[in-house]
Amino acid sequence: MDFLNALALITNYILLPGFTYGSQLALGALGVTLIYAVLRFSNFAHGELMSFGAMICILFTWLGQSYGINFGILPTALIFLPIAIGFTALYCFFIEKFVFAYYRRKKSDPIIFLIASIGVMFFTAGLIRFIIGPSDQNFNDGVRFIFNVREFKAFTGLDEGFGLKTSQAITILTTIILCSILFVFLNKTRTGKSMRAFSDNEDLALLSGIDPNKVVLLTWVIAGGLATFAGVLYGLDKIYKPFIFLQMLLPIFSAAIVGGVGNPIGAVVGGYVIALSELFVTFAYRKVLAYLLPESMEPSGMMQFLSTDYKFAVSFIILVIVLIVRPTGIFRGQTI
Amino acid sequence: MNDVLRRSLVFSTFAVAIVFIGFLQSWNVALGIFNLCLISATMALGVNIQLGYAGIFNAGVMGFAALGGLSAVIISYKPVSETISLGGLGILICILILLLGSVLGVIVYKSNLSQAYKKILFPLIIIVVLLLLNLIGAPAVERIEAFEPAASGFLGGFGLPIILSWIVGGVIAGLVAYLIGKITLGLRSDYLAIATLGIAEVIIYILKNEDWLTRGVKNVNGLPRPVPYEIDLQESTWFIELCQNFGFPLVETSSIVVKLSYCFLFSIVVLTLFILSEVALKSPWGRMMRAIRDNEISARAMGKNVKARHLEIFILGSAIIGLAGAMLTTLEGQFTPTTYQPLRFTFTVWVMVIIGGTGNNYGSLIGGFLVWFLWVEAEPLGLYLVELITSPLSETNPLRIQLITNAAHMRYMMMGLLLLLVLRFAPKGIFPEGR
């Protein structure tokens, strides 16, 4: 019984939030990794793309709500997600056409691409704050919990329990579906294969008649779509803050690098590794240990490795360790 | 000759812009902008050394600037004797433990023990140090932070003149840069940018959360100044007489005099740094750096130690950024960790260097000046633009109100556009790097 109680505690405070946050990171890292695989640069604007997608979705949600549209127990934002994806993909299309296409033609250094992506980041950040303002927006209007802690306790009779938020369930499910579609697309379809071929060996891909412009545009569109998903799901789960996405950039990059840059499976695994370790390291184990250990050994302190304030530092420390020990990442991506 | 003409033309245009602001808005505003322009130029000089001379992408400018700010607090704030007696000893012991731990770590790393032993010893040292820190540090920190949390609750500083912190800020930033550089400089450009971005975030988190050191988000106010206070000037007889003789308004003149004295101090720093950087660039050392940047492999073939040179330049540039950070905190008279935003500190400084011309010190100066000037003036300009565009809409139109309240954020868009345009159409910047 004690063991089950401890497990319920860990599920509530680490596993569920960890897998949710990990899914959001994984979607973000997938976008970063795809851009890296095809265009060979680290896209610093990706955080702002997520923010952009979420913003468009919020704007349409407000519009929809003013006409009385809602999605029952699910958040209204989900209805307008496809529109937001369309807009973000269009925005990415314009970025590619007006900014990156030129450097691609000139075969510029990756670092020039990186600087250009910072220009895009600045511009997008300004655009977002200009349109929606710098304040927080809460747009999750669905039912908050599928079942909460109290209901769980009453159902199982345990002393501790966990609640499942609607946003958590949506996030995890969507991520599983999206990743499956993406992997089927990359491995089974002709277009996906041409993308992988292009990433693997550009010259050989050109030789076999793959249109580089098509591949690059497609990559941007997919990255934009994934970014929108990540941004909206993060906003639904927590809250939409225009400033948070620049901070998210660090865990997202860490996730991509830890998994192996340019490797989609690595990006997903990296996302979960980063998110779970953030929570495992900053969780106070006092109550869990109280259940597991005999009474005489009950700990007096909080039993916390690091204060929760240093959550973001964890992803950074993991990044540094991976860079030193195994720079190619867990799944042997490309080295930059 | 062409170069000289170009430089004097650009710099005099900037001078005209400042004078224009002086007449149009007020001299107070103009000098205020110019002081921050000088600080920006200092930061740009630091980044230019890294980015321009050696091609190192440091995305952690914000962190080093914040370290400079921290040193301003530690050097100048008067010591809080109560908290020191409460927890000073504990903190001191913690610092000693940390030092001892790192020394032990280095000894183990350098020793010729087998890998297997090292793999056990390293985590062991880390765990022991962390445990000791928690045991000794946590109660001390708790006692310090519990003491009058609304007014104090931190250790204070040494109560020394704040000017000293400019040097100390540089030294602290340099030391941290040494540690970071040792770990990250082996990486290629993209990874280095991401790693330094992370380090800056971590530094800011520490400053925000370690209340015993910096009061965290409660900020440290009322740092002493290196220049006289306006109120003292207004009360001193010689100043009143001076103003009467020339017919200056008393209050405005006093604040202009204060700003001018800051301006004088900052100008000395900027000029010294500028001359030193120019000399360094023209020296064999500077040529070697550019050779390494342009072709690392052949530089290595010539027997140059690329990694050591990169570390050297990373420390130098970061120290200058730390110095600029200390200057900024001195000017503001308060330390607010929440104001350190990567967009404002890291990437804007990059824009300065790139627009000015990477690798050219004149470029960093004018880049720092111009970009800061635009950053400040973008607000009234943006407001004007938005009002012009939305003027057909009625006064109470929600869209118009929304756009006008958010007009200040036009500056980010402008920075982005500026960077993209310069990168595309004039990638060498205003002053291209000379040969």
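The model is predicted, so local features need pLDDT of at least 70 and side-chain atom pairs count only at pLDDT 80 or more, while totals for chains, interfaces and linings use all residues. Residues are numbered from 1 along each chain as its sequence is written, and chains are lettered from A and ligands numbered from 1 in the order in which they are written.

Two packed helices are described by the angle between their axes and the distance between the axes. Helices are DSSP runs (H or I, at least four residues), numbered from the N terminus, and axes are lines fitted to C-alpha atoms over the stretch in contact, with angles from 0 to 180 degrees between N-to-C directions.

| Helix pair | Angle | Axis distance |
|---|---|---|
| α2(A) (46–66) and α10(A) (244–259) | about 125° | 8 Å |
| α10(A) and α7(B) (189–209) | about 130° | 10 Å |

Angles under 35 degrees count as roughly parallel, over 145 as roughly antiparallel, 65 to 115 as roughly perpendicular and the rest as oblique; α2(A) and α10(A) are therefore oblique to each other, and α10(A) and α7(B) are therefore oblique as well.

Residues are in contact if their C-beta atoms, placed from the backbone, lie within 7 Å. Within chain A, residues of α2(A) including H46(A) and M50(A) meet residues of α10(A), among them F245(A) and I252(A). Towards chain B, Q247(A), L250(A) and F253(A) of α10(A) meet I194(B), L197(B), G198(B) and E201(B) of α7(B).

The contact between the chains takes 34 residues from chain A and 35 residues from chain B, and α4(A) gives the most to the side of chain A, with 15 residues.

Terms used. Helix = DSSP H or I, 4+ residues; strand = E, 2+ residues; numbered from the N terminus. Contact = placed C-beta atoms within 7 Å.
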